[in-house]
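Colleague: Could we go through this model together, with the cut-offs stated as we reach them?

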Amino acid sequence: YRIQYLDLSFNQLIDIPTELVNLKTCLKVLNLRNNQITTLPDETMSSLIKLEFLDVSYNRLKSLWETMH
């Protein structure tokens with residue numbers, strides 16, 4: 001399966017799942033809205049090379065990942 005859209009909103013996530021790197025060549029839309037995430041790890045986020053849309057609204061972000069596209 002090639003997951004292109006993943007909605008993890010309203011899950012009380014504290015961290016971004018590291019398993020997202022397994023979707024690096026197919027994931028285009030990632031919805032992380034309304035969680036408890038404080039950081040976007042560079043190693044995970046920069047690996048998502050096909051990502052076109054990211055929603056991290058209503059989290060507790062302190063910083064964004066360094067290599068934003």
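**A charged pair and its surroundings**

Modeller: R33 is partly exposed, with a relative accessible area of 30%, where partly exposed lies between buried, under 20%, and exposed, over 50% (1.4 Å probe, protein chains only). The model is predicted, so local features need pLDDT of at least 70 and side-chain atom pairs pLDDT 80 or more, whereas totals for chains, interfaces and linings use all residues. Residues are numbered from 1 along each chain as its sequence is written, and side-chain values use heavy atoms, without hydrogens and water.

Colleague: With which residue does R33 form a salt bridge?

Modeller: A salt bridge here is a side-chain nitrogen of Lys or Arg within 4 Å of a carboxyl oxygen of Asp or Glu, and one is counted by this rule. For R33, the closest N and O atoms of the pair are 3.8 Å apart, and the partner is D55.

Colleague: How many residues apart in sequence are the parts that this pair ties together?

Modeller: R33 lies in the loop between β2 (29-31) and α1, whereas D55 belongs to strand β3, with helices (H or I, at least four residues) and strands (E, at least two) taken as DSSP runs numbered from the N terminus. Because of these two positions, the pair ties together parts whose separation in sequence is 22 residues.

Colleague: Is D55 buried or exposed?

Modeller: The relative accessibility of D55 is 15%. D55 therefore counts as buried.

Colleague: And E52, is this residue buried or exposed?

Modeller: E52 sits in the loop between α1 (42-45) and β3 (53-55). Its relative accessible area is 65%, so E52 is exposed.
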